[in-house]
Amino acid sequence: MSGVRRAWSDTTPLLAHQQHKQDHQHHYRPSPLSTGSISMEMTTTTAPPPPRSIFLGVDVGTGTARAGLFDENGKLLGSASSPIQIWKEGDCVEQSSTDIWHAICAATKAACSLANVSGEEVKGLGFAATCSLVAVDSDGSPVTVSWSGDTRRNVIVWMDHRAVKQAERINASNSPVLQYCGGSLSPEMQPPKLLWVKENLQESWSMAFRWMDLSDWLSYRATGDDTRSLCTTVCKWTYLGHAHMERVNEKESRDMEACGWDDEFWEEIGLGDLIDGHHAKIGRSVAFPGHSLGSGLTTAAAKEMGLKAGTPVGTSLIDAHAGGVGVMESEPAFDTEAKEIDEEAICRRVVLVCGTSTCHMAVSRSKLFIPGVWGPYWSAMVPEYWLTEGGQSATGALLDYIIENHVASPHLANRAASQRISMFELLNKKLESIMHEQGSPFLASLTQDMHILPDFHGNRSPVADPKAKGVISGLTLDTSEKQLALQYLATVQGIAYGTRHIVEHCNSHGHKIDTLLACGGLTKNSLFIQEHADVTGFPITLPREKESVLLGAAILGAVAAKKYSCLKEAMKALNAAGQLKQLQKHLVVYPSKDPRVKKYHDAKYRIFLELYEQQLSYRSIMAQALA
């Protein structure tokens, strides 16, 4: 950057078209609490309890919409979820924004009821969602993105892989923006999906007035403010946030067009029409996550959600990034080190957000270009830090697939239900039993003859190969529960080797990661966490607050309500609440000290790497045969 660096608050928009700024210049500000007149007379009336400040986080995952209410200490008061509909047809995976909004409203009302929180007590809210693509017309009505023509299906879900060929063509352009995406775009990102719609659904392309990331659409639906998030635009749309800041610093002005869009890129890939109207269809105004949008909740949205009109709403985050915000500062602090040391500590951590897929989030002060790993993304999660984002496209989804497609699964599911435990818990117990029966030296050694490459939905990082396939080596005719348990364990290990591959790749390109933090549904599985610690050789911290994605979304609301001046301040306050006094609530899982465990996993990790290399060789052999 040239010129003197200016101090930036992440509550201020990064950019805004002048007219847009005028349209939304009257932002909602919560008024100070009135103290009323002071009585000098003695009274026996009991003073009412001080009003609570509650913050709402909303998270839309692949299968459910969830809402969580947090107090000023970052403590979860109550949460609720509501299922959302999904259509899967081959590589096409679609949802309905209308259905998602209804689910959000139901979950929010249920959470408030369960937590005994009134709508007036909610002082701010934030949205997090999967990086799915939403299409709406000029009236905000759904525009179909489906071959079926069903107008309800206006969302291309993040895991949709219909645009593999479009991604390949875009990557062949070698545009400079690609270096900020690990060197290539994934078919899970938005430009390939947009190009697919333009080439295959001409009527929908003509009708669409706004193309939005799902979390941005939720904020827009709630407030009427079309400002996009720096998180979504930088991570999934190729917006160059750092380029915009350089322009702003040079001109000493925030009243600028969307300088972070590379118009040549959009024209070169055949989407030049998205440049029209100052990029109105894809984002003419972008802001830091947590920036207060419009005048807060509209009257209509507030009524639907059971909240108060005008409640501040923060600019959104992608769900995995909300998990990072909710957990990144959760590492227990044993002493009060200098600020400079603390600033470095956050750069030695990687957050694993483990759900249907797993995202690996690490930050750095300087930009690190890592082939096959998304980023570096400027301020996409933590303001003024560069984000590196690794990932595995199928982890929880893969475990479900392995379990549910085994002949022994129905019987095990019935047993788990009768014992009121999860399938994971039952399988973990089964593995312990097998280990004792066989006299195995340690549980992981049960899979010495079974090896799994977990790329059943392609490889997102670090080889960035959407055509990669899963591999299972070591199958027999055995269909017993024991065999299912071993396949499950080998799958967990394969996923852990994938994480090791990503972390080692990042560290070889400039990161200094030595600590893992984990959140998401899979962290409730003790075997999953222990295998990751043993395979990577790093301790794993599980945060005090288990619902880290919901907390991250709620933090956006706290920043929007001006409870905190910036996102990082809110993270420190709400992630770290009670660390020193309640250190025992932070569970740290350490790698096994048994040298045999390390030797075993090192050997299996070599096989893991070879399985992919062999796949490339087989692919080449068959391509030559068909040439």
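Just after helix α2, Asn 116 takes a positive phi of about 55°; helices here are DSSP runs of H or I of at least four residues, numbered from the N terminus. The model is predicted, so that local features need pLDDT of at least 70 and side-chain atom pairs count only at pLDDT 80 or more, whereas totals for chains, interfaces and linings use all residues. Residues are numbered from 1 along each chain as its sequence is written, and side-chain values use heavy atoms, with hydrogens and water left out.

The 19 residues of α2 (residues 97-115) should span 27 Å at 1.5 Å a residue, which agrees with end C-alpha atoms 27 Å apart; the expected span is 1.5 Å times one less than the number of residues. Among the buried residues of α2 are Ile 100, Trp 101, Ile 104 and Thr 108, where buried means under 20% relative accessible area with a 1.4 Å probe, protein chains only. Thr 223, in helix α6 (residues 214-223), counts as buried because its relative accessibility is 8%.

Two side chains lie within polar-contact distance (N or O atoms within 3.5 Å, one able to donate a hydrogen and the other to accept it):

| Side-chain atom | Backbone nitrogen | Distance |
|---|---|---|
| Ser 96, oxygen | Thr 98 | 3.3 Å |
| Thr 223, polar atom | Asp 225 | 3.0 Å |

Leaving aside neighbours within four places in sequence, Thr 223 is in contact (heavy atoms within 4.5 Å) with Leu 293, Gly 296, Leu 297, Thr 298 and Val 313.

Technical notes: Helix = DSSP H or I, 4+ residues; strand = E, 2+ residues; numbered from the N terminus. Buried < 20%, exposed > 50% of the residue type's maximum accessible area, 1.4 Å probe, protein only.
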